[in-house]
Amino acid sequence: MLALKPWDIEFVRSQFPALNKGKYSDTAFFENAGGTYVPHQVIKKLDEYLVSTKVQPYGVYASSHEGTQNIELATVKMAEMINADEDEVVIGHCTTMNLYMLAMSLRKMFKQGDEIIVSEQDHESNISPWLRLQEFGVTVKFWPIDPITGRLSLDQLECLLSAKTRLVCVTHSSNVVGDVNPIKKIADVVHKNDSLLLVDGVSYAPHHAIDVKALGVDIYVLSLYKLFGPHLGLMYVKRILHDQLENQYFSQLPALYQQYQKPGSPNYLRISLNPGLVNHEEVVSLLGLVEYFNALYQHHFSANKCCFFEKVKAVMALSVRYETTLSECWLNWLAKQKNLTLIGNNDNDVNQRSPTFSLKINHPSLLPKEVAKLLADKNIAVQSGSFYAWRCLNALKIGDDGLLRVSFAHFNNLDEVHRLCNALDEILI
Ligand SMILES: Cc1ncc(COP(=O)(O)O)c(C=O)c1O
């Protein structure tokens, strides 16, 4: 699918009210790894739901019926977006909640002495739920990172795998280190050992289309609010695992709904891993995310017919190429800085690194949070801290003051990157 034109950044930016008429539209926003802005299509769908269909869904009257149809359609589209089937996805409150529910639900799959491997590179949301299972006799082993580069090595994983390993949990791209982990290769190694692979795609998904089938993962999670959507999380669980999942909703539902609580029912995952369901208006606003990707596709590609997943793939392939132009400018500037050390590799290859850059501040008198504040005073938004990946920071021997993090999204432009570099030049003298 050839693009008709390069990434049209002016068109893209025009889709985001926060960049045009928002109260803080003058801010150069680089905290995208914490959550992106949303396009107008998402806001419109949220508004429409609240105005017209904010009633209890699954009723017979028109407003309820329409709201229900939109909730169902949004779920179908989110599944399609990652090349999953509808019954294999859950839209939950966030990734932390999705993984917690999953761990509780899988608890009985594990026997005393079974092993789970978690990575030191990961956000705590993909570690803590598994540590909780230690209480039930599961052993959790840590896949260590290299203390200098922050990298994970496949050789290390192979040493940790044993006949008792049931599950390996790893990030697709760390929200601190930024390196892209070779998930397909990891999946092959894990599956050869008859273990399952769970991948946290939260930091990776805002930059690449996700194809859960091609990746060969068993479970994949991402946060929709970092992917231009509302504050929700999407989780894929391969159908073959559904029998192992214990229902976390009411232990007994009225007869009418009991069918949904049986593994194998099309709604089993959505009901059993999502007690009480999630905010309906936000789920429906995901149809705005679909419209956003469709608009990007229509603007950049010839209007040939293809499915939503193919459109997302084409759009993300184009936008990631654009993001490398931002990264190149930033990395070139960074290479000359004595006061800043980049965590992870400085390779501007999209297959090697995400545009999430964590920096050690080597300045004699400024801490990361002070640099963040000085940037904020210049209308530049970045964040400092450990980003809930404190085990990763500990392994890298980074103290409590943490790191400064700069992260790009496909709506950032080169002017903003120059503003950031110039501001840091002034701050770090
Ligand atoms: C890599 C990564 N994984 C997981 C999470 C947790 O996501 P959520 O906020 O949706 O629970 C985050 C959040 O920052 C993250 O960056």
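Domain bounds here come from an automatic or database domain assignment. On that basis the protein, a predicted model, splits into domain 1 (9-38 + 310-427) and domain 2 (45-285), with their C-alpha centres 27 Å apart. Local features in this predicted model need pLDDT of at least 70 and side-chain atom pairs count only at pLDDT 80 or more, while totals for chains, interfaces and linings use all residues. Residues are numbered from 1 along each chain as its sequence is written.

Where do the two domains meet? Counting two residues as in contact if their C-beta atoms, placed from the backbone, lie within 7 Å, the contact takes 32 residues from domain 1 and 32 residues from domain 2. On the domain 1 side, helix H13 (308-334), strand S10 (356-361) and helix H15 (390-395) each give two or more residues, and H13 gives the most, with 5 residues. Helices (H or I, at least four residues) and strands (E, at least two) are DSSP runs, numbered from the N terminus. This side of domain 1 divides into 17 nonpolar, 10 polar and 5 charged residues; Ala, Val, Leu, Ile, Met, Phe, Trp, Tyr, Cys and Pro count as nonpolar, Asp, Glu, Lys and Arg as charged, and the others, Gly among them, as polar.

Now for the whole protein. It has 16 helices and 13 strands. Its radius of gyration (taken over C-alpha atoms) is 22 Å, close to the 22 Å that the globule rule gives for 429 residues, so the protein is as compact as a globular protein of that length. That rule is 2.2 Å times the number of residues to the power 0.38. The C-alpha atoms fill a box of roughly 70 × 55 × 40 Å, taken along the principal axes.
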